[in-house]
Amino acid sequence: MSGGGDGDSTYGRKPFRRSRSHFADRITADGRDGWPVDAGRYRLVVSRACPWASRAVISRRLLGLEDALSMAVTDPLQDSRSWHFGPYPDGRDPVLGIRFLSEAYDRRESGYPGGVSVPAVVDVPTGQLVTNDFQQITLDLATEWTALHRQGAPDLYPERLRDEIDEVMAGVYRDVNNGVYRAGFATGQAEYEAACSDVFRRLEELAPRLRRQRHLVGDTITEADIRLFTTLVRFDAVYHGHFKCNRWKLTENQVLWAYARDLFQTPGFGDTVDFDHIKRHYYEVHTGINPSRIVPMGPDLSGWLTPHHREELGGRPFGDGTPPGPVRRGEEVPASGRP
């Protein structure tokens with residue numbers, strides 16, 4: 001998710017295009033791109049408002065990479081100079097020493113014309129951006145950082161299931177993750193209706209699959225579940241109203257609502273979600289869609305903690321592994337953002 005101004009009036013007034021990640025270097029076990037996996041060397045910069053960044057937050061926690069990969073959480077509202085570190089003392093990231101994420105981008109490539117997006121991984125010694133490739137970052141955390149995973153970490157991208165996971169994720173990305181944005185930022189009725197139809201068609205195709213099995217692929221949590229969850233958890237709070245994806249609410253779909261609650265109540269998922277950040281970002285930044293910048297009071301979040309009964313389908317969420325422990329001190333979501 002790219003940084004804009006204090007409010008961006010262009011949303012809903014120009015065709016939406018998801019830009020490709022310009023900085024696509026990979027951090028790998030063998031360091032073939034010049035960036036070897038190295039505990040403590042890199043810092044993950046995220047916004048809890050952003051679904052793409054939230055994938056990385058969930059993966060990092062499930063895999064137990066907190067000691068190996070530190071994390072900075074930006075303010076949910078961007079300054080005109082990009083995502084900024086307002087939550088920290090003096091408005092500076094305490095590790096990188098910068099006020100704006102754009103400073104790390106500038107150290108990598110001066111005059112870069114694209115947007116400043118999260119998630120971003122920054123090299124701490126040089127202060128320069130390594131990658132903003134949101135599609136690849138989490139896959140590499142699962143497969144290249146294995147030497148630094150916690151004991152009992154789940155296999156989020158098991159080799160024997162990768163073809164199926166990739167196929168499921170491709171449809172989810174095109175029609176759901178990206179589809180809600182294409183609907184929300186549409187500039188014409190036909191464009192909106194096509195995107196909105198794609199969103200609900202794909203969700204309705206996924207529901208029978210999830211009626212039969214607890215997780216999207218296999219009997220454990222995988223990358224596919226993480227990618228669907230980060231859209232579902234935002235659905236009623238922002239996409240249903242703000243992005244006009246309102247054929248039905250998540251809470252009105254018995255299967256998907258139970259599936260989303262199951263994941264939300266799984267350690268590593270719901271304990272990373274900040275509904276306050278989510279709502280404030282979408283409603284206050286997208287002024288082309290919501291010029292008043294009024295943030296709605298609802299929806300009621302208490303339902304996220306109600307029983308889901310998905311355990312009756314069997315499955316082993318963490319496979320042969322174990323759930324992550326308590327959230328690291330200092331990384332807890334404030335009470336204002338939780339059900």
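**Pockets, cavities and helices**

Modeller: Happy to. The second largest pocket has 18 lining residues, and those nearest its centre are R48, V73, Y88, G330 and E331. On a 1 Å grid over the protein atoms alone, a pocket is an open set of points with protein on both sides within 12 Å along at least five of seven lines, a cavity is a set where a 1.4 Å probe fits but cannot get out, and lining residues have an atom within 4 Å of a point. This is a predicted model: local features need pLDDT of at least 70 and side-chain atom pairs count only at pLDDT 80 or more, while totals for chains, interfaces and linings use all residues. Residues are numbered from 1 along each chain as its sequence is written, and side-chain values use heavy atoms, with hydrogens and water left out.

Biologist: How much space lies in the second largest pocket?

Modeller: About 360 Å³. A volume here is the space filled by probe spheres set on the grid points, which are joined across faces, edges and corners.

Biologist: And how do the residues of its lining divide by class?

Modeller: Into nine charged, six nonpolar and three polar. Ala, Val, Leu, Ile, Met, Phe, Trp, Tyr, Cys and Pro count as nonpolar, Asp, Glu, Lys and Arg as charged, and the others, Gly among them, as polar. Strand β2 supplies the largest share of this lining, with three residues. Helices (H or I, at least four residues) and strands (E, at least two) are DSSP runs, numbered from the N terminus.

Biologist: Which element gives the largest share of the lining of the largest cavity?

Modeller: Helix α3, with four residues.

Biologist: Is α3 enclosed or open, and why?

Modeller: Largely enclosed by the rest of the structure, because seven of its 10 residues (134-143) are buried. Buried means under 20% relative accessible area, exposed means over 50%, and partly exposed is in between (1.4 Å probe, protein chains only). The buried ones are F134, I137, T138, L139, D140, L141 and A142. They pack against α1 (51-63), β3 (120-123), β4 (128-131), α4 (162-177) and α7 (223-239).

Biologist: T131 came up at the largest cavity. How far apart are D25 and T131?

Modeller: They are 5.5 Å apart, C-alpha to C-alpha, and 106 residues apart in sequence. D25 lies in the segment before β1 (42-46) and is partly exposed, at 23% relative accessible area. Its side chain makes a polar contact with the side chain of W35 at 2.9 Å. A polar contact is a pair of N or O atoms within 3.5 Å; within protein, one must be able to donate a hydrogen and the other to accept it, and residues adjacent in sequence count only if both atoms are side-chain atoms.

Biologist: Next, the nonpolar core. Which residues have the most contacts inside the largest one?

Modeller: L101 and L228, in a core of 99 residues. Helix α7 gives the most to this core, with 10 residues. A nonpolar core is a set of buried Ala, Val, Leu, Ile, Met, Phe, Trp, Tyr and Cys residues joined through side-chain atoms within 4.5 Å.

Biologist: What else is found in helix α7?

Modeller: T230 is found there, and T230 counts as buried at 2% relative accessibility. Leaving aside neighbours within four places in sequence, T230 is in contact (heavy atoms within 4.5 Å) with P51, S54, R55 and I58.

Biologist: Last one: what caps the N-terminal end of α9?

Modeller: D274, with a side-chain oxygen 3.0 Å from the backbone nitrogen of D276. Nine of the 11 residues of α9 (275-285) are buried, so the helix is largely enclosed by the rest of the structure. Those buried residues pack against α1, β2 (70-73), α5 (179-184), α7 and α8 (254-264).
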